[in-house]
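Please find below some notes on the model, arranged as numbered points.

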Amino acid sequence: MSTSISDTTLPRSIWFLRGVRAAFSLPGLILVSSFVGFAALAKDAGVTVAQAAFMTGIVWALPSMVVLVGAIVSGVALPAAMFAVTLSAIRLMPMVMALVPEMRADRTRPWVLYLLSHFVAVTSWVLAMERLKHIPRDKRTIFYAGLGGMLVTANIIVVVTFYAVADALPFAISAALLMLTPMYFLTSLWGSARERAGHMAMAFGVGLGPLFHVLLPQFDLLAAGLVGGTAAYGWHLWRRRVHAA
Amino acid sequence: MSYFSSGTWWWPYLFILAAGFAATDVWRFLGVYLGGKLSEDSDLLVLVRTMATALVAAVIGNLIVFPGGALAHTSLVLRIAAAALGFAAYLVSGKRMVAGIVVAELLLVAGLYLRL
């Protein structure tokens, strides 16, 4: 989509609809597939369809939702669940920090940015960082509202639909659906890592998660995050010193 | 109090609001507030990112090694092989997510039909 002079005079509704259309993309399709997997995961955990739909709209970050369902399954108390999800969602902050300067125009009101930040998750962020630079600056917030709103709405529908049919699916399909989420995370997380330390953190985390699941069942994610993250950060500092020397 | 520990209809929603909504949107709001103020390359942010990445990676590891539902009835070797070869396909194809996902899924389903 390229910007021409006439584009800047188009009404706001057209830019909203262009944002909606931008959601129909390959990353959008992969995201939808992963939410199919989430519907199966939530049903398996004993979360009702209404709760799963509510979670989709109100949390809107698939890794955090999977951590939340994991905490629900292991029966941890609210503060422990909150702590684990809070830690899993930290990565949203640098993503939003990177997106805001792209999206803000001179007259953008702060509340609009706070509202739109709820739509930030891996998929909408990747699409926005790619497309926003081709959108007239004063139409970027409305474009992102269309993009984010469409992704959230579509995936709530997907969760409700597949929750209903999850039990009727053949065994191989159910197993394949549950495999979608880890593969989507594995590839998108690797691709979005900003520095080599991120790849090290991934390698540590994938190994430490199952290990701590056996050793410290209630705190497996937290322990893997703290230990794996610190180890990767240590590696980052060590490598920088080696390069500087 | 855990998710299922109360018989009231609203408790799970409150649980999701506190442990889901508040726990994620606090970072989004902080991101808007700090947007442009903090350098993205600061050391503190690097540590924050590696911890967050390791935590999500731990989720991936657990979903593959200790899955739920139908996936729990497949063999561990098959799941790890499918994920590892799928990830290799992702890297070899020049980081194409579709390649990684399709290869892993095809291997998993093929393995199930061959009863591996």
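1. A residue is called buried when its relative accessible area is under 20%, exposed when that area is over 50%, and partly exposed in between. The model to which these classes are applied below is a predicted one.

2. With that scale in hand, B:F29 has a relative accessible area of 33% and is therefore partly exposed. A:Y114, at 27% relative accessibility, is likewise placed in the partly exposed class.

3. Over all chains, the count of aromatic pairs comes to 11. In one of them the ring centres of A:Y114 and B:F29 are 5.7 Å apart and the planes stand at 75 degrees, so the pair is edge-to-face, the angle being over 60 degrees. This pair crosses between chains, since A:Y114 belongs to helix α7 (residues 110-117) of chain A, while B:F29 belongs to helix α1 of chain B.

4. A further edge-to-face pair is formed by B:Y3 and B:F15, with 5.3 Å from centre to centre and 85 degrees between the planes. The pair joins distant parts of the chain, 12 residues apart, with B:Y3 in the segment before α1 of chain B and B:F15 in helix α1 of chain B. B:Y3 counts as buried because its relative accessible area is 1%, and B:F15, at 0%, is buried as well. Ring pairs also link B:Y3 and B:F15 with B:F4 and B:W11 in a cluster.

5. As for the interface as a whole, 78 residues from chain B and 95 residues from chain A take part in the contact. The area buried between chain B and chain A is about 7,500 Å², and carbon and sulfur atoms give 78% of that area. Of the area that chain B buries against chain A, B:W27, B:R28 and B:L55 supply 10%, which is more than any other three residues.

6. The polar side of the interface comprises 17 residue pairs in polar contact between chain B and chain A. The side of chain B that touches chain A draws at least two residues from each of α1 (11-34), α2 (43-65), α3 (76-92) and α4 (97-113) of chain B, and by class that side has 53 nonpolar, 16 polar and 9 charged residues. Across the interface there are 2 salt bridges, including the one between B:R49 and A:E195, whose closest N and O atoms are 3.0 Å apart.

7. Finally, A:P136 lies in the loop between α8 (122-131) and α9 (140-165) of chain A. With a relative accessible area of 7%, A:P136 is buried, and its C-alpha atom is 9.5 Å from that of A:W15, a residue 121 residues apart from A:P136 along the chain.

Methods: Residues are numbered from 1 along each chain as its sequence is written. Chains are lettered from A and ligands numbered from 1 in the order in which they are written. This is a predicted model: local features need pLDDT of at least 70, side-chain atom pairs count only at pLDDT 80 or more; totals for chains, interfaces and linings use all residues. Side-chain values use heavy atoms; hydrogens and water are left out. Helices (H or I, at least four residues) and strands (E, at least two) are DSSP runs, numbered from the N terminus. Buried means under 20% relative accessible area, exposed over 50%, partly exposed in between (1.4 Å probe, protein chains only). Contact means heavy atoms within 4.5 Å. Buried area is the accessible area (1.4 Å probe) that two parts lose on being put together, summed over both. A salt bridge is a side-chain nitrogen of Lys or Arg within 4 Å of a carboxyl oxygen of Asp or Glu. A polar contact is a pair of N or O atoms within 3.5 Å; within protein, one must be able to donate a hydrogen and the other to accept it, and residues adjacent in sequence count only if both atoms are side-chain atoms. Ala, Val, Leu, Ile, Met, Phe, Trp, Tyr, Cys and Pro count as nonpolar, Asp, Glu, Lys and Arg as charged, and the others, Gly among them, as polar. Rings of Phe, Tyr and Trp (its six-membered ring) pair if their centres lie within 6.5 Å; planes under 30 degrees apart count as stacked, over 60 as edge-to-face and the rest as tilted.
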